[in-house]
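Thanks, everyone. Have the sequence and the structure open, please, and I'll walk you through a few strands and a pocket.

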Amino acid sequence: MAATLRIQSDWSRALSRDEGEAWLSCRIPGKATLYGSVTRRGLSSDGVPDIVASEGFLVGEVTKKSILISCPHENVSTKFLAPYTSFSRIHQKSITCLDISSGGGLGVSTSTDGTMKIWQAANGEIRRLLEGHVYDVNCCRFFPSGLVVLSGGMDAQLKIWSAEDASCVVTFKGHKGGILDTAIVDRGRNVLSCSRDGTARLWDCGQSSCLGTIADCGSPVNGIAVGAADSSLNLGSPENPPSEREVGTEGKILLLAREDKKLQGVGLQSRQPVFLFIGSDAFNCCTFLSSTYILAGTQDGNIYQLDVRNTNAPIQVIHRSGAPVLSLLPYRDGFIASQGDGTCFIVQQDLDYVLDLTEADCDPVYKVASWEKEIYTCCRDGIVRRYQLSDL
């Protein structure tokens, strides 16, 4: 478990004025935390802030929206990135989920204010209000076309919406508890959902019918992900021939992040169990990095990287804090993770530093979405933050 660098959440504002100061810390497992600060001494000749760090820390590259800090003694470096812009008027309360369309033009989000909205990704301007769920909407995502939205709510209903006119075109009923996550198979003729009722179900969009229960876990399923399986993996054979309405399920594996501390892999077409991994706490989220490697995050802050061909022991366990891991997203050759203490960070193989997306303070960052070099986060403070990685 490596050392973790943190910086004051509003560091970019604090360092926007001369003599401005922001605190730093370096948390080292099994040792005392190192504390320090960075101070602005003015502007350099090319208009970039001249910033120095206190003893034990070093300042590397500085731009208007980023600062690279290292703690040489612990051999750890982190680049802290401030939002390019923030949208505070989309919702009135906590934003629990968001997604960005495939073209990058639209965002969709759900909130504890009871609303689900579609907005312009560039400026946060609201375009559509999607009304029809009873109680809170837990999850939302765009179909690959970017013209249609899939949502799941505490009312145990799964709905499909037109992003163009906000009409609800399909409602799926069958779950006995609130829907916690969804997934889309290929281009979206079939979709998946998981629920507090312990099941994951496959649905046919064209006939708005349930094609079957993929898994019944006896424990809430907090998150799911679907992906192509490595060809060497035995996914099992279906007991009954699959319906002709099933499209794109062959050769795929469904990951289930379960409340009972288990991460399960199931053959999507076969409905047969492929693996079962037991973690340190409830699993909240999961994702595919490739057809071989997967990630899953737990309530006690662990991110497990596993090889689906052999899940007896994880390849690695990343632990930055004890806060719940709330979302995981593949990004370039690495991933983005967000946690319940406001941290949101990017790990990439070709970078010798971690990239921290700052400003959420201690409010949970519930979800992360990306489009090319832009990353969007949503948070308990009701703000959507947009980060640009074009200058990295």
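Predicted model: local features only at pLDDT ≥ 70, side-chain atom pairs only at ≥ 80, totals over all residues.

Now strand 34. Strand 34 and strand 35 form a hairpin, with four residues between them. In that turn, Gly 382 has a positive phi of about 80°. Strand 35 covers residues 384–388, and five bridges join it to strand 34. The two run antiparallel. Glu 374 has Gln 388 as its bridge partner in strand 35.

Next, the other neighbour. Strand 33, residues 365–371, is joined to strand 34 by six bridges, again antiparallel. These two also form a hairpin, here with two residues between them. Glu 372 sits in the turn, with a positive phi of about 50°. Trp 371 stands opposite Glu 374.

Seven strands form it, in the order 5-6-7-32-31-30-29, and the pairing is mixed. Which strands stand at the edges? Strand 5, residues 58–62, and strand 29, residues 325–331. Each has a single partner strand, so one side of each is left without a neighbour in the sheet. Neighbouring strands are turned by 25° against each other on average, ignoring direction. Inside the sheet, strand 31 and strand 32 pair in the antiparallel sense over two bridges. Ile 346 has Leu 355 in strand 32 as its bridge partner.

Now the second largest pocket. Its volume is about 360 Å³. Of the 19 lining residues, those closest to its centre are Ala 2, Ala 3, Ile 318, Arg 320 and Val 354. Strand 7, strand 28 and strand 31 each give two or more residues to the lining. Strand 28 gives the largest share, four residues. By class, the lining has ten nonpolar, six polar and three charged residues.

Last stop, Gln 305. This residue lies in strand 27, residues 302–307. Buried or exposed? Gln 305 has a relative accessible area of 14%. Buried means under 20%, so Gln 305 is buried. Its side chain makes a polar contact with the side chain of Gln 316, at 2.8 Å.

That's my tour. Over to you.

Technical notes. Residues numbered from 1 in each chain as written. Heavy atoms only, no water. 1 Å grid on protein atoms, 1.4 Å probe; cavity = no way out; pocket = protein on both sides within 12 Å on 5 of 7 lines; lining within 4 Å. Points joined across faces, edges and corners; volume = space filled by probe spheres on them. Nonpolar A, V, L, I, M, F, W, Y, C, P; charged D, E, K, R; others polar. Pairing = 2+ DSSP bridges. Axes fitted to C-alpha atoms, helices over the stretch in contact; angles between N-to-C directions. Buried < 20%, exposed > 50% of the residue type's maximum accessible area, 1.4 Å probe, protein only. Polar contact = N/O pair within 3.5 Å; in protein donor to acceptor, adjacent residues only side chain to side chain.
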